[in-house]
Amino acid sequence: MKTQPLIKATGFTLIELMIGITILAIVMAMGMPSYSVWIQNMRLRNAAESILNGLQLARAEAVRRNASVQFILVTGSSWCVTATADCTDPIQSRATGDGSSAAITVTAADGTTVRFNSLGRRTLPLPAAGASTAINVDINPAVLSAAESRDLRITVNVGGNIRMCDPNVPVTVPPDSRAC
């Protein structure tokens with residue numbers, strides 16, 4: 001008579017499974033606060049990049065159409081790019097809820113409209129000698145503390161160059177490209 005080889009059963013015991021779940025829960029509990037900060041900073045970055053892309057689109061459309069095109073900050077982090085005086089016939093627009101949240105505050109230092117002429121130069125706000133207009137993108141301090149938040153600023157100079165920078169990075173020698 002032939003004997004069947006014994007098949008060894010493998011798997012986890014209930015105790016091993018419970019220890020694994022406990023370790024996983026501890027690791028997740030330790031990582032949640034930093035994950036929340038990361039998510040809020042990503043929303044802040046999404047809003048800033050969206051505004052930067054909208055400004056670049058407005059400049060490119062002005063050159064393409066050989067006419068003035070303006071970028072208008074509407075409310076929160078929403079904006080529109082239009083060739084008219086208001087956003088009734090937008091070329092492109094973005095709502096606040098697209099990738100960011102209502103906790104993001106956007107303040108424009110020189111008004112909510114940036115206009116580019118057919119050469120891609122900024123004509124509104126009226127350019128002062130070499131001055132840049134700034135759009136600050138911040139997060140509500142009730143959501144993140146100032147130490148955790150990574151505020152961003154978008155500058156548009158007279159020539160139409162658009163740049164995103166971090167106002168909290170100190171100016172150093174050699175210069176840090178993230179500094180304003």
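Asparagine 66 sits in the loop between α1 and β1 (69–73). This placement comes from a predicted model. The residue directly follows helix α1, and its phi is near 55°, a positive value in a residue other than glycine. Most residues other than glycine have a negative phi, and most peptide bonds are trans.

**Asparagine 66 and its surroundings**

- Asparagine 66 has a relative accessibility of 58% and therefore counts as exposed, since the threshold for that class is over 50%.
- The positive phi of asparagine 66, near 55°, occurs where α1 has ended.

**Helix α1**

- Helix α1 comprises residues 14–65, and serine 50 is located in this helix.
- A kink of about 40° is found in α1 at methionine 32. The position of this kink is shortly before proline 33.
- Serine 50 counts as buried because its relative accessibility is 12%, and the buried class is defined as under 20%.
- When neighbours within four places in sequence are left aside, the contacts of serine 50 are with Trp79 and Arg94.

**Strands β8 and β9**

- The partner of β8 is strand β9 (residues 162–165); the two are antiparallel and are joined over 4 bridges.
- Within this pairing, arginine 163 of β9 stands opposite threonine 155.
- The hairpin formed by β8 and β9 has 5 residues between the strands. In this hairpin, glycine 160 adopts a positive phi near 100°.

**Cis peptide bonds**

- Leucine 124 and proline 125 are joined by a cis peptide bond, for which omega is about 0°.
- Proline 125 belongs to the loop between β6 (122–124) and β7 (133–139).
- A cis peptide bond also runs from valine 173 to proline 174, with omega near -5°.
- Proline 174 is placed in the segment after β9.

Definitions and conventions: Residues numbered from 1 in each chain as written. Predicted model: local features only at pLDDT ≥ 70, side-chain atom pairs only at ≥ 80, totals over all residues. Heavy atoms only, no water. Buried < 20%, exposed > 50% of the residue type's maximum accessible area, 1.4 Å probe, protein only. Contact = heavy atoms within 4.5 Å. Pairing = 2+ DSSP bridges. Bend = angle between axes of the 7 residues up to and from the residue.
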